[in-house]
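Me: I'm new to reading protein models, and I'd like a close look at one part and the charged side chains around it. Could you walk me through it in a friendly way?

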Amino acid sequence: MCYSAQVWQDYRKYVRRYGAELDIAAFTDLYWQRQAGAKVKMPKAMDDAFRDGLPEPGDHAQSQVLSTLIRGLDLERAATLEQELFKQRKRLADAERNLQRKSTKAATENRRIASDRIQRITSQLGDLRRQEPVDRDSRIFPGNYAPVM
């Protein structure tokens, strides 16, 4: 069974609304782990909130570290997605060429798979570059890290 939940991801909202104090060092540690290659999943809304900086003046150093980490992770993710997009476009072009010569099951499957992956990767790149929030950005799933009170 799979489930998800919609949660607030904005640290500023927690502080303003509830006077909450979150362990920012723990979040910084999660982003360091993520940069080191760990499969740490976090919703986009949380990345967006921390990328913009923290509200307290005393957390300025942590804010800068988090912002830099998140921007670097976004650049790495975009580069990885663009490389995969290039591979899938090449796969699609090869399949189209093969289909022009002779219709085969393998070429048809390669075209279908490449088309699906191109669409998925393009959507992921669009989400990564998008600035305005949408509801799905705040959705968490099992195994995701998020601030919860």
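Reply: Happy to. Let's begin with helix α3: eight of its eight residues are buried, so α3 is largely enclosed by the rest of the structure. The buried residues are Lys-44, Ala-45, Met-46, Asp-47, Asp-48, Ala-49, Phe-50 and Arg-51. Here, buried means under 20% relative accessible area, exposed means over 50%, and partly exposed is in between, with a 1.4 Å probe and protein chains only as cover. Helices are DSSP runs of H or I with at least four residues, strands are runs of E with at least two, and both are numbered from the N terminus.

Before going further, a word on what you are viewing. This is a predicted model, in which local features need pLDDT of at least 70 and side-chain atom pairs count only at pLDDT 80 or more, while totals for chains, interfaces and linings use all residues. Residues are numbered from 1 along each chain as its sequence is written, and side-chain values use heavy atoms, leaving out hydrogens and water. The score pLDDT is the predictor's confidence in each residue, from 0 to 100. The mean for the protein is 86, and 93% of its residues reach 70 or more. Confidence is lowest in helix α1 (residues 11-18), with a mean of 75, and highest in α5, at 96.

Side chains of opposite charge can pair when their charged atoms come close. A salt bridge is counted when a side-chain nitrogen of Lys or Arg is within 4 Å of a carboxyl oxygen of Asp or Glu. Lys-44, Asp-48 and Arg-51 join Asp-74 in a network of such bridges. By this rule the count comes to 13 salt bridges.

Lys-39 sits in the loop between α2 (24-35) and α3 (44-51), and Lys-39 is exposed, at a relative accessible area of 80%. Together with Arg-77, Arg-117 and Arg-120, Lys-39 forms a positive surface patch. Such patches take residues with over 30% relative accessible area and no salt bridge, joining like charges within 9 Å and nonpolar side chains (Val, Leu, Ile, Met, Phe, Trp, Tyr) within 5 Å. Lys and Arg count as positive, Asp and Glu as negative, and His and the chain ends are not counted.

Now for some pairs elsewhere in the chain. Arg-112 forms a salt bridge with Asp-116, with 3.5 Å between the closest N and O atoms. Both residues belong to helix α5 (residues 105-129) and are four residues apart, about one turn of the helix. Arg-112 is partly exposed at 42%, and Asp-116 is partly exposed at 40%. Ala-107 is also found in α5, but with a relative accessibility of 4% Ala-107 is buried.

Finally, look at Arg-130, which is buried at 12% relative accessible area. Arg-130 meets Asp-127 in a salt bridge of 3.1 Å, N to O, and forms another with Asp-137, where the closest N and O atoms are 2.7 Å apart. Asp-127 is partly exposed at 21%, whereas Asp-137 is buried at 5%.

Technical notes: Areas by Shrake-Rupley, 256 points an atom, 1.4 Å probe, with all protein chains shown as cover. Charge placed at Lys NZ, Arg CZ, Asp CG, Glu CD.
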